[in-house]
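Me: I have a few questions about this model. Can we go through it piece by piece?

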Amino acid sequence: MSWEDNVRRVIPYVPGEQPKIDKIIKLNTNENPYPPAPGVLKALEELKEGYDNLRKYPAPACDALEEALSEYYNLPREQLFTGVGSDDVLSMAFLAFFKGEKPVLFPDITYSFYDVWAEVYGIPYKTVPLNENFEINGEDYDIPNGGIVIANPNAPTGIAKSKEWMEQFITRHRDVVVIVDEAYVDFGGESCISLIDKYENLLVTQTFSKSRSLAGLRIGMAFGSKKIIRYLKDVKFSVNSYTMNTPSLVLGSASLKDDEYFREKVSAVIKTREWTKDELKKLGFIMTESKTNFLFASHPERKAEEIMNKLREQGIIVRHFKKPRIDNYLRISIGTDEEMQEMVRVLRTFL
Ligand code: PMP
């Protein structure tokens with residue numbers, strides 16, 4: 001017998017690299033290339049004046065942020081949950097809602113944290129293959145299950161399902177919790193938030209990390225029926241009361257007050273995505289129909305890994321997943337116009 005026999009051994013999720021060099025074009029972790037809303041900077045200055053407040057614990061119920069979210073989404077606070085990035089929110093949701101013996105279902109190609117949470121919490125799970133076009137076939141989920149997780153739009157494929165399709169899907173799974181991960185929805189997807197009053201078992205998660213340019217603050221949220229949110233909060237308060245720090249609560253609420261800026265920057269990213277897509281097509285790339293802030297691209301004549309390495313030599317970093325079915329694809333986050341022009345220029349020189 002060794003102490004190591006009782007260790008919970010897991011293979012952790014590996015996030016995209018955060019290189020320490022300054023002069024790179026970083027297109028590997030789907031961050032927003034634009035700064036957060038100017039109101040966030042103003043709130044940051046006010047935080048400086050109130051720095052003595054940092055002596056105190058933050059508001060455990062995340063008051064400032066939840067009140068701002070409640071106003072923004074026109075939902076009562078009892079239908080909102082906040083956490084340290086949507087990773088924290090999703091992890092809590094896995095812990096809270098998946099304790100049955102039947103497997104939790106999610107696509108074989110999707111956010112690669114889902115299976116890691118299932119493993120660490122000992123949740124049985126089964127991956128359901130996407131079709132050859134990386135689309136979800138809804139009927140494949142009509143099998144005994146203990147819950148379902150769908151990223152919509154999906155990552156890293158970028159493909160979105162309509163709200164109508166999602167609703168059809170949810171109606172077939174009323175007896176388990178269905179989580180819809182909408183990390184990228186603001187870039188062209190259709191949200192399922194308006195369905196939460198109709199389907200008590202639906203939980204929708206979103207994040208400030210992409211469309212609100214605040215990945216560094218770690219803010220994520222969930223929307224659901226009062227009942228499902230109550231269950232989620234009970235589990236969260238059984239793990240850690242003070243998850244969100246004071247600066248994140250204050251700065252996150254400030255970001256919600258600047259809607260015009262938000263819309264302007266989201267549109268800018270979408271416009272750049274479409275431009276980049278056209279340019280990559282001219283270079284022979286094939287791509288999915290992305291509704292996110294990244295493109296999922298493959299070149300019929302060059303290995304994805306080779307392209308990634310060539311870009312890297314020129315200081316441009318993109319993401320490659322060494323996984324079955326997608327190892328000849330690159331996930332390219334959308335940067336500024338200048339960054340994407342530079343990437344296209346480099347690609348043109350060697351393709
Ligand atoms: N869901 C998906 C599909 C993602 O790609 C990410 C980003 N890695 C997240 C959730 C988590 O993002 P965050 O914790 O920054 O909110």
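Me: What is 2.6 Å from a nitrogen atom of the ligand?
Reply: An N or O atom in the side chain of aspartate 181. That is a polar contact, meaning a pair of N or O atoms within 3.5 Å. The model is a predicted one, where local features need pLDDT of at least 70, side-chain atom pairs count only at pLDDT 80 or more, and totals for chains, interfaces and linings use all residues. Residues are numbered from 1 along each chain as its sequence is written, and side-chain values use heavy atoms, with hydrogens and water left out.

Me: And which residues have an N or O atom by a ligand oxygen?
Reply: Serine 86 has a side-chain N or O atom 2.7 Å from an oxygen atom of the ligand. For aspartate 87 a backbone N or O atom is involved, 3.0 Å from a ligand oxygen.

Me: How much of the ligand does the protein bury?
Reply: 91% of the 400 Å² that the ligand exposes when taken alone. Those areas come from the Shrake-Rupley method with a 1.4 Å probe.

Me: Which residues come nearest to the ligand?
Reply: Ser86, Asp181, Tyr184, Thr207 and Ser209, out of 13 residues around the ligand.

Me: Switching to isoleucine 150. Buried or exposed?
Reply: Buried, because its relative accessibility is 0%; the cut-offs are under 20% for buried and over 50% for exposed, with partly exposed in between (1.4 Å probe, protein chains only). Isoleucine 150 is in strand E5, residues 147–151.

Me: What is isoleucine 150 in contact with?
Reply: Beyond its neighbours within four places in sequence, its contacts include Pro107, Met166, Phe169 and Asp181. Contact means heavy atoms within 4.5 Å. Asp181 is also the residue with the side-chain atom 2.6 Å from the ligand nitrogen.

Me: Where are the cis peptide bonds you have for me?
Reply: One joins asparagine 152 and proline 153, with omega about -5°. Another joins alanine 155 and proline 156, with omega about 5°. Proline 153 is in the loop between E5 and helix H5 (163–171), and proline 156 is in the loop between E5 and H5 too.

Me: What about phi of cysteine 62?
Reply: Positive, about 60°, although cysteine 62 is not a glycine. Cysteine 62 is buried, at 2% relative accessible area.

Key:
Helix = DSSP H or I, 4+ residues; strand = E, 2+ residues; numbered from the N terminus. Near = heavy atom within 4 Å. Polar contact = N/O pair within 3.5 Å; in protein donor to acceptor, adjacent residues only side chain to side chain.
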